[in-house]
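Visitor: I should like to learn how to read the features of a structure. May we go through one together?

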Amino acid sequence: MLLAKLAFRNIFRQRRRSLLTGLSMGGGYLLLAFTLSLSKGSFNNLIDIFTHDHTGHVQIHKGNYVDRPGIQKTLLRTSGIEKILDNEGAVISWAPRIYGVGLGYGGEKSAPLSIVGIDPKLEKNTTTISEKIHQGDYFGSEINADGYFSAMIGYGVADMLKLAIGDEIVLISSGVDGSIANDIYIVQAMVGNRTSYDKMNVYLPLNAAQDFFSMVNKVHEYAVITAHSTDARELARSLSAAIDNTEVTVSPWQEVEETFYKSMKADQEGQKVTMGIVVFLVCIGVLNTVLMSVLERTREFGVMLAVGTNRFTVMSMIILETAALGILSCLGGFILSVPLIYWFTTVGITMPQAMDFGGIIYDTMKGEMNLTVFALPAVIIVGSAALVSLLPGIRAAQITPLDALSDR
Amino acid sequence: MFKAITFILLLIAAPISQSMTNEDRAKELIRKMDDMYRSTASRATMTMRMQTPNYDRSMTMESVTIGEDQMLIRILAPKKERGIATLKIDKEMWNYFPKINKTIKVPPSMMMGSWMGSDFTNDDLVKESSLVEDYSLVVQEDADYYEITLTPKIQTVTVWGKIVVKINKIDNTPAEQAFFDDKGRKVRVMSYKEPKQFGNVTLPSVLEMIPLNKVGHRTLITYDKLELNAEDVDKKLFTMRSLKQRLR
């Protein structure tokens, strides 16, 4: 108790120096908290945009469809998977899909295309596809008066086949049973832009696509959305247990989009380096000031030792001093960072150049506010400051009282 | 490798070293075989059955031909594909899809592509290269068959490294064609089976194509009806206009 009292008194004895050290630690805390918030915020924001764009949080396929897609690897819609999805509380929405490839014709031009069958209603609830439409209207699954289904096409398709809203697009492919698939569809909307990953996609209503590929009641994929992207693995596990079929694979987005996930991970690792540099700078500052104060107070320590203070106590006092100062600075930093990070989380920084993720505009960098963002920097700062003060502490403890007092 | 080189050298050397009559005889046999099918004009109804590990389906089609150069095939069933037609004139080929009212010319790049989802290629129908003119022929014989080995001449554009044609000695009908790639591997085998009386000739009524690089795949074409030298088939049938004729 006496030790703590001494330590606190020492902090306030040299106010200017303490303020300087405190500033460096408080600034470090602020910087760390800010970086952490930004890193977490943009990471989660990007994943959110990404998963809601198309992938969803969990996907269900037959067998190894994710690694080796094949038109024959189909799931029966009546197999009970949909009932399980409806009953699972963590599932917010889900959407069935069909994938195929084919040749598209618009007038005289032709191009190889990806054909994606989606359920207009379920897909709209699950992904942001309806927000990516930049021309025309989102389609429905009805047949029009002339007996044609409508289709939505990507930017690249429209560009290559010179198609506009209301034009006919002709698709030729082969069905799951090897039959020849050919039909005419009316372009109802254009999706995404020139950078969209799905620019060569043609979206058909699910029932039209099932008809086209001769796969009545069959789909290739279910995309499932849950509350938070971090819940994906857990949901995948529980769905897999509920479906209980070795032929059906349930994968979280981290597995479906492995490359994306890994690059995001690598990005976060990179952030750690930045934070390491901040911590290093703070440490140097702390080391500098503490070392200075120890040198200045050589006589004081000499007296302490001379009157019989334990060497270990002297060292503990110095470390305690630094740690206490660290806690005070972090407190100050915390008070300053709360409104800053709050603003950053709710308003964010509008980027001068908006990033475009396949038609979805990402233009504000936002932070995230949670316990980790505030607690982790405090632990790092106080911990590293205490660690750094070990060196001056040992130095002070090794002082010979006679040398110190005789000013030699 | 050494074997292959010797083999090729032998093949090249064969027509020179052996008397020319070997090649002439081979040509004669191939011509005879072709003539059986060629007739002046034919009309046929056939069933094509495609078997793969994933599906097994059949289509019925009708075809009319004049010689080797003109052919029109139209699918009658199943309903989804009814009316889809293929027209071949000389070395060009078009497919017509009634549902989308579109005629699509089969480009040279698609010649090795599957015809109507079967194991037959578009090239099998078009036969861009003539067996007699574009290949060097060597004939061998055993008790039952003539075996003619065809190797493409240098200027011949083909994907096959070698074709071996087996012909029944008794009636000169084809028995088997084996196709090899340029590395000498057997890629696919077409067998002629179940001889049947069509008019006054007996011909194999079943064509079986087995691609050896695709496990479990097989295409069977069965001639249900074949009328050789059909008199009502004339040149007017082989036009874009008749290709687009809709089936009722």
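This is a predicted model: local features need pLDDT of at least 70, side-chain atom pairs count only at pLDDT 80 or more; totals for chains, interfaces and linings use all residues.

Visitor: What span should α2(A) have, and how far apart are its end C-alpha atoms?

Guide: The 41 residues of α2(A), at 1.5 Å a residue, should span 60 Å, and the end C-alpha atoms are 57 Å apart, which agrees. Just after α2(A) comes Gly56(A), with a positive phi of about 80°.

Visitor: Is His54(A) buried or exposed?

Guide: His54(A) belongs to helix α2 of chain A. It is buried, because 23 other C-beta atoms lie within 10 Å, and the cut-off for that class is 20 or more. A residue can also lie at some distance in sequence from another and still be placed beside it in a spatial comparison. His54(A) and Asp198(A) are 144 residues apart in sequence, while their C-alpha atoms are 9.6 Å apart in space.

Visitor: Where do nonpolar side chains gather, and which residues touch the most other members of the largest nonpolar core?

Guide: In soluble globular proteins, nonpolar side chains tend to be buried together. Here the largest nonpolar core has 85 residues, and those that touch the most other members are Ala151(A), Ile153(A), Ile169(A), Val202(A) and Leu204(A). Strand β8 (residues 180–191) of chain A gives the most to this core, with 6 residues. Apart from this core lies another, of 39 residues, among them Val286(A) and Phe301(A).

Visitor: Which residues does Ile169(A) touch?

Guide: Leaving out residues up to four places away in sequence, Ile169(A) touches several residues, including Gly104(A), Leu161(A), Tyr185(A) and Val187(A).

Visitor: Where is Tyr203(A) found?

Guide: Tyr203(A) is in strand β9 (residues 201–205) of chain A. This residue counts as buried because it has 29 C-beta neighbours inside 10 Å. Beyond its neighbours within four places in sequence, Tyr203(A) is in contact with Val116(A), Ile118(A), Ala151(A), Met152(A) and Val191(A).

Visitor: Which backbone features deserve attention, and what is the phi of Asp244(A)?

Guide: Asp244(A) has a positive phi of about 50°, although it is not a glycine. It is in the loop between α7 (232–243) and β12 (248–252) of chain A, and it is exposed, because 10 other C-beta atoms lie within 10 Å. In chain B, Asn172(B) has a positive phi of about 65° and is likewise not a glycine. Asn172(B) is in the loop between β9 (162–168) and β10 (174–180), and with 14 C-beta neighbours inside 10 Å it counts as partly exposed. The peptide bond from Ala77(B) to Pro78(B) is cis, with omega near 5°; Pro78(B) is in the loop between β3 (70–77) and β4 (85–89) of chain B.

Visitor: How many residues of chain B are in contact with chain A?

Guide: 14 residues of chain B are in contact with 13 residues of chain A. By class, the side of chain B that touches chain A has 6 nonpolar, 3 polar and 5 charged residues.

Notes:
Residues are numbered from 1 along each chain as its sequence is written. Chains are lettered from A and ligands numbered from 1 in the order in which they are written. Helices (H or I, at least four residues) and strands (E, at least two) are DSSP runs, numbered from the N terminus. A residue is buried if 20 or more other C-beta atoms lie within 10 Å of its own, exposed if 12 or fewer, and partly exposed in between; C-beta atoms are placed from the backbone. The expected span of a helix is 1.5 Å times one less than its number of residues. Two residues are in contact if their C-beta atoms, placed from the backbone, lie within 7 Å. Ala, Val, Leu, Ile, Met, Phe, Trp, Tyr, Cys and Pro count as nonpolar, Asp, Glu, Lys and Arg as charged, and the others, Gly among them, as polar. A nonpolar core is a set of buried Ala, Val, Leu, Ile, Met, Phe, Trp, Tyr and Cys residues joined through C-beta atoms within 7 Å.
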